[in-house]
Each structure stands twice: as structure tokens, then as C-alpha cells.
Amino acid sequence: MSDKPWQSKIPQVLIHLVFILFSLACIIPLISVLSVSFSNEVDILKNGYSLWPRKFDLTAYTYVLYRPIQLLSAFKISIIVSVAGTAAAVLFMAGISYALSRHDYKFKNSLSFYVFFTMLFNGGLVPTYILISNYLHLKNTIWVLILPYLAVPWFILLLRSFMQKIPYHIIESCMIDGASEFRIFFQIVLPLAKPGLATVALFTMLQYWNDWWLSLLYIESEHLVPLQYMLYRMMNNISFLTSSTNMMPASMKNAALPSESARMAMAILAAGPMLAVFPFFQKYFVRGLTVGAVKG
């Protein structure tokens, strides 16, 4: 009888062990990235990565922060685009999702097909570039970094599935009481869909924050360059200089460029803000995915 309590704890211990190992698998790479960013480039080339810098070195951050005004400007653009784009995109996609979730909407099937069709096919790179540059005249403006991601089909369908979980009799009761569609949407539907909205907002913010492709295509002004594109250009410069060492003077060949450590320093600068934002969405994240992904 005394062995039963001990045996009953084995599954719980195994579950805790699995989660501890999984947590370590997530935390150790972050520690390694932070350690490499403060490591000397020569030590990295000789000894590889480590969880603690063999020689504390700030060369990588000196290179990345060489122009602090430009870096702060890039941070400002990324923050403006991420915050404004996320707010506008979530509101826009929520409106479409709410219309698709209403069974009494006349064009529900047609709009659903249109949204789903854009998941499979797009206009192509060249037509899209011509449309944005020559017809919409959005090139070299901050709007070109926001508008293309304003409506993502997968997020619209995810929100639609979530809003379909809201009991329709609540909406009917509001309509009987004389509430307008806008009042129902803003005061009833959006508060009830908060977990789904938070999940989509997190994914959308990550998409805006990590994007460098749009700025590569459409941005030429230095004051509109976002953080990711600026770091992308820095990394290309390092790669070019590293691959061109044979063409350099003999006095410069011995100088090790901060290639690997600079990569990790850029990763810390780019991922840091998102790591700080995630805890505020965490309590809605799992619920938003599970409830919105299953249609009952």
C-alpha cells in the first residue's frame, strides 16, 4: 500500500521532466545568442559557441551602434509601423470576420470564397510593384509598409471561426433593443472576441516588426528605413567585406570583422522588443488559438 502513492507520482514527474527539458531547449539558445553577441570574434572562430563568453567583448555592439541616430530612427519607424499597422489591421480584419460570421449576411459565401482564393493565388511580384508604385503612388511612403498587411486571409478566417462561437441570440437581443450594427460590433462583439483579437494582434505585430521585404522593394529614403531592413543591410555589408578579404591590403587582413557576434547582437536588438511584448498577450494566446481553430 505504501508504494502506490509513489507509483502514482511517476506520470506527474515524467510530465514535469518533459516540460523542464522543453523549457531548457527554448532558453539555452537564447542564452547562447546573448553570450555570442558579447564574445570576441576570434574566440568564436577558434572555439565555437559557448553559454558564457570566454572573453567579454563589445565589438559587435560597437559596430551595430556605430550610428545611433540612424538606429533610433529605424526603431522609431518600426514601432510606428508595428503599432499603427497592428491596430488598423486588427480592426479591419475583425470587421470582415464579423460579416463572415453572420449567417444572415447576403454575400457571406462570395466574400468567404474571395478571402480563401487570395490564400492560394496572388497578383505576382511585378504587377504588385507596378500597382503600388505607378498607380497607388505609395512608393517611398510609410503607408507602403502598413497597407499590404492590412488584411491577411488566414487571420480573417481564424477570427471568423472565433466569432462564430459568440451566441447569436446575444446579437438578436441587442438588435431588438435598437442597437445599431456598429454599436453591436464595437460594444458587444469585440469585447467577447478579445482572446481571438489578442492572438491575431500578436501575429500581426510580429509580421510588421520582422518585415524587411517591403522596405527593400519600396523604400529609398533613409529616414523611412525600418529596423529589420537596416540590420539586413549591415549584415550584407559584413558578408561582403568578409568575402573580399583577399582584395584587402595586408594590414587589414588580420582584423577580424564581427560577423557571427554581430549577427547575434542584431538578433538581440531585433527580438528584444517582441520578447517584452509577448507576456502581455500570453493569457489570451492559447485560448485564442484553440477556441478559434475549432468549429463546433
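Colleague: How much space lies in the largest pocket?
Modeller: This is a predicted model, in which local features need pLDDT of at least 70, side-chain atom pairs count only at pLDDT 80 or more, and totals for chains, interfaces and linings use all residues. Residues are numbered from 1 along each chain as its sequence is written, and side-chain values use heavy atoms, without hydrogens and water. A pocket is an open set of points on a 1 Å grid over the protein atoms alone, where a 1.4 Å probe fits, with protein on both sides within 12 Å along at least five of seven lines; points are joined across faces, edges and corners, and a volume is the space filled by probe spheres set on them. The largest pocket holds about 1100 Å³.

Colleague: Which residues that line the largest pocket are the closest to its centre?
Modeller: Lining residues have an atom within 4 Å of a point. There are 32 of them in the largest pocket, and the closest to its centre are T118, N122, T128, P148 and A151.

Colleague: Which helix gives the largest share of the lining of the largest pocket?
Modeller: Helices are DSSP runs (H or I, at least four residues), numbered from the N terminus. At least two lining residues each come from α5, α6 (108-120), α7 (125-135), α8 (153-163) and α12 (213-218). The largest share, 7 residues, is that of α6.

Colleague: How many charged residues are in the lining of the largest pocket?
Modeller: Asp, Glu, Lys and Arg count as charged; Ala, Val, Leu, Ile, Met, Phe, Trp, Tyr, Cys and Pro as nonpolar; the others, Gly among them, as polar. The lining has 26 nonpolar and 6 polar residues, and the charged count is: no charged residues.

Colleague: Which helix supplies the largest share of the lining of the largest cavity?
Modeller: A cavity is a set of grid points where the 1.4 Å probe fits but cannot get out, and the structure holds 2 cavities of 30 Å³ or more. The largest has about 70 Å³ of space, and its lining includes S78, Y149 and D211. The largest share, 3 residues, is from helix α5 (residues 68-101).

Colleague: How many of the residues of α11 are buried?
Modeller: Buried means under 20% relative accessible area (1.4 Å probe, protein chains only). Among the buried residues of α11 are P195, L202 and W209. The helix is largely enclosed by the rest of the structure, because the buried residues number 12 of the 17.

Key: Buried < 20%, exposed > 50% of the residue type's maximum accessible area, 1.4 Å probe, protein only.
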